[in-house]
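Colleague: Please take a close look at the ligand's surroundings for me, and then carry on into the packing of the rest of the chain. I'd like one connected account, with the cut-offs spelled out as you go.

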Amino acid sequence: MVSKAESPPAADPGLTSGVDLGQAYRDSNIDALLDELDRELVGLKPVKTRIREIAALLLVAKLRETQGLTTDRPTLHMSFTGRPGTGKTTVAMRMAKILNHLGYVRKGHLVVATRDDLVGQYVGHTAPKTKEVIKRAMGGVLFIDEAYYLYRPENERDYGPEAIEMLLQVMENNRDDLVVVLAGYKDRMDTFFHSNPGFHSRVAHHLDFPDYETDELMGIAELMLASQHYEFDGTARRAFREYLERRMTMPHFANARSVRNAIDRAKLRQANRLVKKGGTVARGELTRIDADDIRQSRVFADDGEDSTDTPHRGGKDAV
Ligand SMILES: Nc1ncnc2c1ncn2[C@@H]1O[C@H](COP(=O)(O)OP(=O)(O)O)[C@@H](O)[C@H]1O
Ligand SMILES: [Mg+2]
């Protein structure tokens, strides 16, 4: 294909007319979205930097398009790798909005799918399932969580390849209206890309989501609480840090998701504490999480004997 870049507009070499990049930037309202991302998500520095870079690239690509400098749309499919609860889904949702504001997808919504949503159990079930998901995702971002489960070479009669074939096709042919994000653990994703070079060649941006540090998890906890009109008192803050330090070494620790779960349970305990106490409850008491609301967690149980409910048995977060 001959791109227009090889034949620039004859009348104007582009140096005199030009385009107002600042104006385009303001019009896209992209700054507000990027600032929101910075503010509302703790840490993730490398991810945030990459997103700013991608946004700049896409903005310039749009301007180049208006100047007839290219006919090739940039490839937008991405891979988000990292352990559970590192913010992949959350960032994908924001990425969908950013792409929408930059004029790359019509609607800017996010559709999350796993293998079970795409692959059927019987002959003839996979195509309609995959088609339905793709249809729902059109105009937005399709986030395929743990994408490597689509490919199970050990199962001879597996329908995963059917879904893979359809996805590859739509990633190629509907690039202007659907962005696919493949997500999962880094090592398994690497293996998956290795066995499925078709996917690898269609993914332009690989973003890696690191585990959070304790301080970042504390920041995430405070942010989650504040957004729900709760707050730790001084002793609860210390207790929660201790909780995290213990929880992080236990099985099934899932970064920010474990923080969310721990906060949900602290809220439950706070409510029960208040109900037990009865009488008039001051407004401040309704928002305050105290140390006891945290320390009642099993994570603080030292015996290690009674493990009926501990994370490694239940596969869930410690209560
Ligand atoms: N950096 C962050 N700052 C604030 N909240 C976060 C951050 N990362 C994740 N969360 C929250 O943690 C939870 C799990 O995040 P999620 O995006 O579902 O992780 P993943 O998709 O990687 O498993 C969500 O409630 C999300 O809002
Ligand atoms: Mg997720």
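**Ligand shell and packing**

Modeller: Happy to! Three helices, α4 (88-101), α10 (214-227) and α12 (255-277), each give at least two residues to the shell around ligand 1. Helices here are DSSP runs of H or I with at least four residues, strands are runs of E with at least two, and both are numbered from the N terminus. Please keep in mind that this is a predicted model, in which local features need pLDDT of at least 70 and side-chain atom pairs count only at pLDDT 80 or more, while totals for chains, interfaces and linings use all residues. Residues are numbered from 1 along each chain as its sequence is written, with chains lettered from A and ligands numbered from 1 in the order in which they are written.

The shell of ligand 1 holds 17 residues, and the closest are Gly 87, Lys 88, Thr 89, Thr 90 and Ala 256; a residue counts as near if its C-beta atom, placed from the backbone, lies within 6 Å. By type, the shell has seven nonpolar, seven polar and three charged residues. Here Ala, Val, Leu, Ile, Met, Phe, Trp, Tyr, Cys and Pro are nonpolar, Asp, Glu, Lys and Arg are charged, and the others, Gly among them, are polar.

Buried means 20 or more other C-beta atoms within 10 Å of a residue's own, exposed means 12 or fewer, and partly exposed is in between, with C-beta atoms placed from the backbone.

Leu 142 touches Val 111, Val 133, Ile 134 and Ala 137, among others beyond four places in sequence; contact means C-beta atoms, placed from the backbone, within 7 Å. Val 111 lies in strand β2 and is buried, with 20 other C-beta atoms within 10 Å. Its C-alpha is 7.6 Å from that of Gly 140, 29 residues away along the chain.

His 229, in the loop between α10 and β6 (231-232), has a positive phi near 60° without being a glycine, and with 8 C-beta neighbours inside 10 Å it counts as exposed. His 252, in the loop between α11 (234-247) and α12, likewise has a positive phi, of about 60°, but with 17 such neighbours inside 10 Å it counts as partly exposed.

Key:
Two residues are in contact if their C-beta atoms, placed from the backbone, lie within 7 Å.
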